[in-house]
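Please look over the chain shown here before reading on.

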Amino acid sequence: AFDGDQIADPRTGTGRLPDWMEEKITFSGGKGNRSEHCFSTILWLIRYGWSDEAIIDVFSANPEGVGEKFWEKGGPATPRGMRWLQGSINAAKRIA
C-alpha cells in the first residue's frame, strides 16, 4: 500500500515504483475515466511484477485513489467488488 514514501510488495520483494506510478495510485482517474485509469494502473503493476494479491491490496488501501471504483462496487469484502477487480487483473494479464 502507498505509505507516502514508497509502495512495496512484501510477497514478491518488489520495491519502490516510479513517482508517476505512485501518482496513478493516489489519483482516482475522475468520473468517466476511472475504468481506463484502473486498467492502465493494473497493467503497469503487472509489468512491474506485482502479484494479484498485492494489486488487490493497492486497490483496497486507496479508496479515494485508484480503488475508488472498486470500493463503489463493494470493495474486498464483496463478491461483486472482487469479481470486478479480478476480472480487470485477468484482462490486463492477457495483454501485459
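The crossing of α2 and α5 is right-handed, a term used when the near helix is turned clockwise from the far one by less than a right angle. This is a predicted model, in which local features need pLDDT of at least 70 and side-chain atom pairs count only at pLDDT 80 or more, while totals for chains, interfaces and linings use all residues. Residues are numbered from 1 along each chain as its sequence is written, and side-chain values use heavy atoms, leaving out hydrogens and water.

Helix α2 covers residues 34-47 and helix α5 residues 79-95; their axes come within 9 Å and cross at roughly 60 degrees. Axes here are lines fitted to C-alpha atoms over the stretch in contact, with angles from 0 to 180 degrees between N-to-C directions. The two helices α2 and α5 are therefore oblique to each other, the class left after under 35 degrees (roughly parallel), over 145 (roughly antiparallel) and 65 to 115 (roughly perpendicular). Residues in the contact (heavy atoms within 4.5 Å) include Ile42 and Ile46 of α2 and Leu85 and Ile89 of α5.

Isoleucine 55 touches Ile42, Leu45, Ile46, Trp50 and Ile89, not counting residues up to four places away in sequence.

The chain as a whole has five helices and zero strands, where helices are DSSP runs of H or I with at least four residues and strands are runs of E with at least two, numbered from the N terminus. Of its 96 residues, 42% count as buried, meaning under 20% relative accessible area with a 1.4 Å probe, protein chains only.

How values were computed:
Buried means under 20% relative accessible area, exposed over 50%, partly exposed in between (1.4 Å probe, protein chains only).
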